[in-house]
Structure formats: C-alpha cells, structure tokens
Amino acid sequence: MSAPARPAASPRGTFLPGLRILARGAREEPRPFAWAVFGSVVYGVGTAGSGWMVGRVTEGVVVPALTPGGPEVTAADVWLAGGTLLAITVVTVVGVLLRRIFAGATMYGLQARYRRALARRYLDLPLSWHHSHPAGRLLATAASDVEATWQAMAVLPFALGVVVLIGVAGAAMVAADPVLGGIGLVVVPALVVANAAYSRAMSPRVRRVQRLRGEVSAVAHESFEGALVVKTLGLADGEVERFSRQAGRLRDANVAAGRTRGAFDPVIEALPQLGTLLVLAVGAARAAGGSADVGDIVQVAYMLSLLAFPVRAIGWTLAELPRTVAGDARLQSVLRESATTPWGRQRAARSATPAAPATRGLEHHHPVPVPDPTDAEDEQDAQDDGGRGGAAAAAPAARAPRPVLSGVDLDLAAGTTTALVGGTGSGKSTLAGLLVRLVDPTSGQVLLDGLDVRDLAEGELAGVASLVPQSTFVFDDTVRGNVALGLDVGDEEVWDALRLAQAEGFVASLPDGLDTRVGERGASLSGGQRQRLALARALVRRPRLLVLDDATSALDPAVERAVLDGLGASFDGGTGTTVVVVASRPATIALADEVVHLERGRVVDRGTAAELLERDEGYRELVSAYARAARERAAASEGSAA
C-alpha cells in the first residue's frame with residue numbers, strides 16, 4: 001500500500017516549511033554550510049568595516065587635506081589609510097570566496113545526495129509501483145525537482161551574512177550620527193517589505209515554472225524513448241507540435257515571472273539610492289549648521305549604498321522557498337513511499353539440476369496509474385490554462401484494477417520446455433514475470449522447488465532464475481560488458497554463453513570481437529542479434545529456470561531451434577535448465593515439450609502441441625492464425641526481396 005504523497009504547500013504557506021527544509025539541508029551538509037556561513041559573516045563584517053573606514057578616512061585624511069590651514073596630512077597617514085582599506089578589502093574578498101565556494105559545495109552536495117537516494121529508491125521499489133508512475137515524471141523528479149529543492153542553499157549563507165551586515169552597519173550608522181543613522185535604517189524595513197511583496201508575487205509564478213519544467217522533461221523523454229515509433233509512423237511533426245506547446249507554456253510562465261521581476265527590480269534598486277540622497281540632503285543641512293561631521297555623513301551614505309545589493313539576497317532566498325517546498329514534496333513522495341518487496345530467509349538450491357516451478361491459486365491485477373498529487377494547480381494556473389485546470393483536475397476517476405490472471409494452478413516438470421500460448425491480453429507475459437518475481441501476485445503463490453519465492457532471501461531467486469523480456473535492452477557498452485553485466489566471469493564463459501545463444505558467429509565477425517561497442521540500445525546490431533545477446537546475458541548466469549517472454553521472435557526458425565535445443569544440454573554435466581517460453585510462432589510452439597493455453601487469465605488446457613490441436617478448438621484457431629500470419633510475413637519478405 002503506497003503512502004499518500006504530501007501535497008505541495010500553498011504559496012503563502014511556504015515560509016516556515018521552506019526554512020525547515022533548508023535547515024535539514026544544513027544538518028546534512030554541516031561542514032561546507034558552516035564554512036559558507038563563516039565566509040558570509042566575514043563578508044558582512046568586512047563590508048560594514050569598509051564603510052566605517054571610509055568615514056574615518058574622509059574625516060581624518062580627505063577633509064584635512066582639502067581644508068586650507070587645516071591639520072597637516074603626511075604621506076604616512078595616506079599610506080596607513082590606504083593600507084587599512086586594502087586589508088579590509090582583502091578580508092572581504094576572502095569572505096566572498098569562502099561563501100561562494102562552500103555554498104556551491106553545499107548545494108551540489110545535497111543535490112548529489114538526494115539523486116543517489118532517489119536512484120536507490122527507484123531500484124528498490126517494486127515493478128508494480130513503476131507501472132503506475134510514468135518514467136518521465138520520475139526523471140523530472142531526479143533532475144529538476146532535486147535542483148529546485150536545494151537551489152536556495154546557494155544564497156542562504158549570503159542571506160545569513162546580510163543579517164550580520166545589517167546589524168553591524170546599522171549599529172555603526174547610529175553610532176556615527178543617530179539622526180542620519182535612523183534615516184538610513186528606515187530604508188532597511190522598506191527593502192524587507194518590498195522583498196516580501198516581491199516574493200509573494202513571484203511564488204505562484206515560480207511554482208508554475210517549476211511544474212512546467214517537469215512536464216517539458218516528461219514530454220521530451222517520452223518522445224525520445226518512442227523515437228522508432230515516431231519515425232516509422234511519420235509522427236515527427238505531431239511530436240514537435242506537442243513539445244512546442246509544452247515549451248511555449250514554459251516560455252510564457254518564464255516571461256510572466258520575468259515581468260514580475262522587472263516590475264520589482266527598479267523599486268528595490270531605487271530604495272537605497274533614495275535613502276542615500278535623503279541622508280546626503282539632511283546631512284548637508286546638519287553639517288552646515290555644525291551638528292554633523294562630513295566623515296559621518298559619508299560613512300552613513302556609503303554604508304547605505306553598500307546594503308542595496310546584499311539585502312537582495314534575503315529576497316532571493318524568499319523567492320526560492322516556494323520552489324524548495326514544491327520540489328521537496330515530489331522528492332519525499334518517492335523517498336517516503338512505503339511500497340516494498342518483502343524478502344524471506346530461505347536459500348535457493350544452487351545445484352546443476354533444473355528447477356521445478358509451480359503456481360497455486362494465482363491471481364493478479366494490474367495497478368492503476370497514480371496521478372501525482374503534487375501536480376495540483378493553483379487558481380493562477382487554471383486561469384493561464386484557459387480554465388482547464390491542472391493535472392490533478394484532469395486525472396480520471398479511480399478505476400478498479402482489472403484482473404489479468406485468475407485461479408492459475410500449474411506444475412511444470414524440471415528440465416522441460418513449456419510454451420505459454422494465448423491471445424493478446426491473456427496474461428502470458430504477466431505469468432512469465434510472476435515466475436521470476438518481477439511483481440508479486442495479488443493472491444496465491446509462485447513456487448520454486450516447493451518453496452514460495454517470497455520466502456527466498458534477497459538475491460537468491462536472481463541467482464537461479466533468469467528472464468529475457470519481450471523488449472530487449474542493450475547497453476551502450478562492449479559485447480563483453482553487455483553479456484557479463486556486472487558478473488565476474490572470464491572470456492571463456494562469455495563465449496560459452498554466446499555459443500549457446502547462437503551468437504558466437506556474429507560476435508566473432510565484429511571488428512573488435514568481445515570488445516566491440518554496440519552503441520546506444522545496440523544500434524549497431526540487428527533485432528535478432530540483440531535478442532541473442534540478451535539470451536547470452538541470461539545464460540552466462542547458468543540459470544536453473546529460464547523464462548523467455550517472446551524473446552526469440554526476431555530469430556530465424558532454424559536459429560531458434562538451435563537455441564532451444566541447446567538449452568536442453570548441460571552447463572556442467574547436469575541436465576540443462578527448465579525453460580518457459582511465451583510463444584506466438586508455430587515453429588516455437590512445436591519445439592516445446594508441453595503447451596499451456598491461456599484465455600482471459602485462465603488456463604484453458606495444457607498438453608503437447610498435438611494433443612491441444614486435437615481437442616482445444618480455441619487453441620487450434622489461435623495456431624491457425626499464427627501460421628497464417630507467418631505465411632503472410634514470409635510472402636511479404638519474398639516480395640520485397642524480388
């Protein structure tokens with residue numbers, strides 16, 4: 001049972017949740033974050049110190065030097081003043097470097113930490129969970145949502161340093177001249193109010209941008225994954241249009257955010273300048289009356305001008321909090337997911353004898369796709385989308401899961417080849433996946449040598465059973481890497497597996513043999529070659545149970561016969577392996593020792609191919625349709641060759 005994901009916080013409720021998330025990040029990366037804050041504090045103190053020193057230099061060096069008959073200013077005074085300012089500048093620069101380097105280290109460290117955690121969780125979650133969560137959404141979570149969650153960590157140390165800067169600078173301004181300092185300090189709350197208004201206006205726009213980034217990523221992933229279908233059906237223009245619509249919505253959202261930023265930026269930039277002008281005007285009047293020193297006026301005005309840019313860091317942090325909360329909600333919806341694959345403690349037999357699989361009262365339902373609760377749109381989104389509402393609003397009502405298998409009881413003899421035959425949707429592939437525990441049944445048992453596969457310890461079933469799926473996946477690696485795939489085996493064992501999969505010949509003819517890179521998804525290989533490579537990948541593990549989910553459909557019948565006959569031979573002087581093959585070709589079915597006919601998730605009949613042809617009308621019609629389709633494909637192939 002999946003734990004419900006937390007809904008994304010509303011824009012007005014992101015402040016405290018966002019701060020809690022950032023505090024968690026600081027605890028998880030304490031050392032770089034502490035150094036970043038230290039650098040920011042050094043920067044704040046150095047910046048305030050430079051303002052104080054400018055006032056002292058003005059009062060003690062500049063004014064006397066420009067006043068006729070005033071105190072004499074020596075070269076040593078000038079050098080001392082300049083050296084002090086240079087030293088403060090160097091300290092400030094060191095603070096900036098520390099802050100930027102370690103703030104970046106904090107942010108990227110957290111992103112790497114959570115991407116690793118997500119990858120681990122994705123692999124741990126059962127396949128049934130993945131069936132109900134689109135791959136594009138998961139990819140967007142690992143990419144843009146992780147980035148959004150921790151982006152604020154890059155500016156948080158700066159904002160904390162600015163708090164120190166405001167405190168030190170405010171105290172220094174008031175100490176220099178209470179009246180002018182008070183005028184200067186009025187600008188600070190005005191800046192805070194302006195930044196708060198900016199953050200409130202930006203929050204829904206930033207959230208919308210973040211959500212649309214995920215949608216654009218999901219559409220792109222789906223289009224690229226389906227590139228073969230898109231190209232063969234001439235759908236490129238439609239896919240470009242679909243992607244363009246999503247990209248256009250993202251562009252419009254970014255433009256809306258940019259307009260808001262453009263409206264507030266001049267106001268926030270102007271407030272310190274107006275404050276500086278007001279300080280200079282009042283200060284000039286007070287200096288003319290003898291109640292203020294020129295150095296104090298310069299100090300207050302200079303410090304006030306220095307606050308203009310740093311105070312923006314507080315606004316940047318506030319503006320990032322909605323993205324932080326929305327991104328973290330998506331992360332936690334995965335990391336806190338309660339779906340698990342329970343394992344037992346039993347050990348599977350590792351003998352050279354084939355396995356004996358069986359099922360008892362097997363029932364299975366496919367899961368219903370789950371809408372992402374964090375995709376719920378706010379009112380602004382609904383208006384921007386022309387009143388259509390968001391993903392959550394558009395999601396279909398929950399449906400009851402459809403039964404795929406019902407009451408399946410099977411005992412398969414060890415060392416035999418069993419063909420699973422049935423029409424589309426009869427449950428063949430589902431049964432194949434259940435035998436190797438890709439998913440767990442809704443009810444009933446899958447047994448291996450009399451043991452419930454759920455009682456086996458983690459890794460035990462994978463050590464004795466292998467599945468070659470219907471859609472073959474080949475990595476962008478060498479032939480050796482694709483066959484061994486993490487297994488510590490020598491070249492001789494790889495060649496043995498290739499020989500058994502009837503792949504030795506074509507691999508030997510490749511430019512670099514086992515060291516030949518096959519390209520992304522095996523682009524340099526034919527469909528049949530990829531299937532044989534996938535077969536070798538399963539066979540090199542010497543399985544006691546081998547499940548082929550229509551995994552020989554791209555092979556020539558002669559090659560397919562050689563492969564299946566070879567599986568009856570031993571790996572180590574034993575009696576071979578038990579083979580279960582999902583079959584849709586008469587030639588494949590004819591090679592099986594036993595045929596199991598499935599219809600609508602139930603076993604209709606079982607026996608030899610000849611026995612089923614004689615007594616099972618549905619099976620007879622199905623095989624006739626298979627044979628007719630095979631003849632049509634052969635005729636079409638001969639016609640194209642002619």
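## A two-residue hairpin

In the hairpin formed by β9 and β10, two residues sit between the strands, and R600 has a positive phi near 50°. Strands here are DSSP runs of E with at least two residues, helices are H or I runs of at least four, and both are numbered from the N terminus. Two strands count as paired when DSSP finds at least two bridges between them.

The model is predicted: local features need pLDDT of at least 70, side-chain atom pairs count only at pLDDT 80 or more, and totals for chains, interfaces and linings use all residues. Numbering starts from 1 along each chain as its sequence is written, and side-chain values use heavy atoms, with hydrogens and water left out.

## Overall make-up

The protein holds 22 helices and ten strands. Of its 642 residues, 45% are buried, where buried is under 20% relative accessible area, exposed is over 50% and partly exposed lies in between (1.4 Å probe, protein chains only).

Take the contacts between residues at least 6 apart in sequence: 82% of them join residues at least 24 apart. A contact is a pair of heavy atoms within 4.5 Å.

## The six-stranded sheet

β9 and β10 belong to an open sheet of six strands, ordered β6-β7-β8-β3-β9-β10, with mixed pairing. β6 (465-468) and β10 (602-607) are the edge strands, and each pairs on one side only. On average, neighbouring strands of this sheet are turned by 15° against each other, direction ignored. Axes are lines fitted to C-alpha atoms, for helices over the stretch in contact; angles run from 0 to 180 degrees between N-to-C directions.

Both pairing senses can be followed strand by strand. β7 (residues 545-549) and β8 (residues 578-582) run parallel and are joined by five bridges. Within that pair, V547 has V580 of β8 as its bridge partner. β9 (residues 594-599) and β10 run antiparallel, again with five bridges. There, V595 stands opposite G607 of β10. Helix α18 (residues 527-539) lies across β6 and β7, and runs at about 170° to β6.

## The four-stranded sheet

A second open sheet has four strands in the order β2-β1-β4-β5, with antiparallel pairing. β2 (403-411) and β5 (451-452) are at the edges with a single partner strand each, so one side of each has no neighbour in the sheet. β1 pairs with β4 (residues 443-448) over five bridges, in the antiparallel sense. T359 faces V446 of β4 as its opposite residue. Helix α13 packs on this sheet: α13 touches β1, β2 and β4, and its direction makes about 120° with that of β1. A358 stands opposite L447 in β4.

The pairing of β4 with β5 is antiparallel over two bridges. L448 stands opposite L451 in β5. β4 and β5 form a hairpin with two residues between the strands, where D449 takes a positive phi near 55°.

How many cavities of 30 Å³ or more does a search of the whole structure find? The search finds two. A cavity is a set of points on a 1 Å grid over the protein atoms alone where a 1.4 Å probe fits but cannot get out; lining residues have an atom within 4 Å of a point. Points are joined across faces, edges and corners, and volume is the space filled by probe spheres set on them.

The second largest cavity holds about 30 Å³ of space. Its lining consists of P357, A358, T359, L410, L412, L431 and L435. β1 (357-365) and α13 (428-435) each supply at least two of the lining residues. β1 gives the most, with three residues. By class, six lining residues are nonpolar, one is polar and none is charged. Ala, Val, Leu, Ile, Met, Phe, Trp, Tyr, Cys and Pro count as nonpolar; Asp, Glu, Lys and Arg as charged; the others, Gly among them, as polar.

R261 is found in helix α9 (residues 236-288). Is R261 buried, exposed or partly exposed? R261 is partly exposed, with a relative accessible area of 35%.

Leaving aside neighbours within four places in sequence, R261 is in contact with Y198 and M202. R261 and Y198 are 63 residues apart in sequence, and their C-alpha atoms are 7.6 Å apart in space.

Conventions: On a 1 Å grid over the protein atoms alone, a cavity is a set of points where a 1.4 Å probe fits but cannot get out, and a pocket is an open set with protein on both sides within 12 Å along at least five of seven lines; lining residues have an atom within 4 Å of a point.
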